[in-house]
Amino acid sequence: MTDWYVDDRCTNCDVARQFAPELIVEEERASRILRQPGDDAENRRLHAAVFACPTRSIRSASGQPDPALDPFPMALDDGVLICGHNSRQTAGANSYLLRRPSGTVMMIDTPRWSPALAERYVAATGPVTDVLLTHRDHVAHGRRYADHFGARLWIHEGDLDAVPDADQVIRGTDPVEIGEGVTAHPLPGHTRGSVLYLADDRYCFSGDSFYWSRTTDDLEVAESVTWYSIEELAASLARADGKLRFEWVLPGHGDRRRRDADEMSRRLHALAERTAQARPRPIDFTAVRW
């Protein structure tokens, strides 16, 4: 008998499918359960999807999810954890914790706000010194997390009106070092103030500028939800081409992936060339190739 199901609050944000793609699929512009978990490992992956889902749409007919199986923050490797508990107020964006050699942590974008979650993140990783916002769509909980942590809140001047009380403002289009091994690369396009954060020539926190698509098995831009200018995004990628070296692409929306740095460089170059051919189009969330 079917137990787990997806209710009608689903917004098709793709978050759950990132964590359990073999169990949850897209159908008629929403997620649905393809099959029930068959072993303990699959049950854990399903629970990761449950606790990440911003609308809490993955439900069990027989009871509540097991809080002991909430895996977040969940390590992606030894340097980065994903926060889970995505927020409806950021359209379900993923957020991350970046470990630094000093034993401190940077948060990139934010999960839903909860004092208990904030304490859980600190307990798991150490003190958070900075909250790095990639763009205006993801600012909803930035101030609360920064104040709770006693951290600095960062935003680019192009999106400053979305968080005018930011502590640190990134300006212009030139890369700027904001911490040891961490560089902000302004990437206007998705929004006027979109920023990519590059850490240790290994981690690329790309916000909504580009992501890994399971559909195409490649880096992609979300042409149909580029709010500011696809031409500006193409110019930004052209500036970044050859200057960014990373193994992990860690976006706000869309999937994340690790590949050899040389391969990622080749794929980013090809993405820049493809994006240069793109033209403005109406906003259409249904056209994104997750």
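## Terms and basis of the model

Two strands count as paired if DSSP finds at least two bridges between them, while strands (E, at least two residues) and helices (H or I, at least four) are DSSP runs numbered from the N terminus. This is a predicted model, in which local features need pLDDT of at least 70 and side-chain atom pairs count only at pLDDT 80 or more, whereas totals for chains, interfaces and linings use all residues. Residues are numbered from 1 along each chain as its sequence is written, and side-chain values use heavy atoms, leaving out hydrogens and water.

## The seven-stranded sheet

An open sheet of mixed pairing is formed by seven strands in the order S5-S6-S7-S8-S9-S10-S11. Strand S5 (74-75) and strand S11 (168-170) are at its edges with a single partner strand each, so one side of each has no neighbour in the sheet. Within this sheet, S9 (residues 128-132) and S10 (residues 152-156) run parallel and are joined by three bridges, and Leu 132 has Trp 154 in S10 as its bridge partner.

Helix H4 (residues 142-149) packs on the sheet and touches S8, S9 and S10, contact meaning heavy atoms within 4.5 Å. The direction of H4 makes about 170° with that of S9, where axes are lines fitted to C-alpha atoms, for helices over the stretch in contact, and angles between N-to-C directions run from 0 to 180 degrees.

S12 (residues 176-179) and S13 (residues 182-186) run antiparallel, joined by three bridges, with Val 176 opposite Ala 184 in S13. The two strands form a hairpin with two residues between them, and Gly 181 in the turn has a positive phi of about 80°.

S13 also pairs with S14 (residues 195-199) in the antiparallel sense over five bridges, and His 185 stands opposite Leu 196 in S14. Four of the five residues of S13 are buried, so this strand is largely enclosed by the rest of the structure; buried means under 20% relative accessible area, with a 1.4 Å probe and protein chains only.

Technical notes. Buried means under 20% relative accessible area, exposed over 50%, partly exposed in between (1.4 Å probe, protein chains only).
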